[in-house]
Amino acid sequence: MLEKYFTWLAEVLLIIVVGLVFITLHSLYYSYGMMIFGEHSAAAIEMFWESEKLWSSIYTVAVIVIAVSTQIVRSFKSSKK
């Protein structure tokens, strides 16, 4: 029983890590890509960290809420059977 929850937790963490990698790549592209158009590196670094904190926190909270609510619904459905 405990192994099932560790597997579920590992899957959720894997989803979060993969999503955070994509968010980081997106933030890097749009923050440091602006340096090509004459943006200063200090402004690009600041913009990168602001967008990284914002989108990463929103994504992480959303994934955790969805995963926990799905697990609760599944446990209620299995207890009814």
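A: Helix 1 covers residues 2–32, and its 31 residues should span 45 Å at 1.5 Å a residue; the end C-alpha atoms are 44 Å apart, which agrees. The expected span is 1.5 Å times one less than the number of residues. Helices here are DSSP runs of H or I with at least four residues, numbered from the N terminus. This is a predicted model, in which local features need pLDDT of at least 70 and side-chain atom pairs count only at pLDDT 80 or more, while totals for chains, interfaces and linings use all residues. Residues are numbered from 1 along each chain as its sequence is written, and side-chain values use heavy atoms, with hydrogens and water left out.

The buried residues of helix 1 are V12, I16, G19, I23, S27 and S31. Buried means under 20% relative accessible area, exposed means over 50%, and partly exposed lies in between (1.4 Å probe, protein chains only). These buried residues pack against helix 2, residues 41–80.

S27 lies in helix 1 and counts as buried because its relative accessibility is 3%. Leaving aside residues up to four places away in sequence, S27 touches Y32, F48, S51 and E52, where contact means heavy atoms within 4.5 Å. With S51 there is also a polar contact, side chain to side chain, at 3.4 Å. A polar contact is a pair of N or O atoms within 3.5 Å; within protein, one must be able to donate a hydrogen and the other to accept it, and residues adjacent in sequence count only if both atoms are side-chain atoms.

Now the rings. Rings of Phe, Tyr and Trp (its six-membered ring) pair if their centres lie within 6.5 Å; planes under 30 degrees apart count as stacked, over 60 as edge-to-face and the rest as tilted. By this rule there are three aromatic pairs. One of them joins Y32 and F48, with centres 5.9 Å apart and planes at 35°, so the pair is tilted. This pair links distant parts of the chain, since Y32 is in helix 1 and F48 is in helix 2, 16 residues apart. Y32 is partly exposed, at 29% relative accessible area, whereas F48 is buried, at 7%. F48 also pairs with W49: their centres are 5.0 Å apart and their planes at 70°, so this pair is edge-to-face. W49 counts as partly exposed, with 48% relative accessibility.

How values were computed: Helix = DSSP H or I, 4+ residues; strand = E, 2+ residues; numbered from the N terminus.
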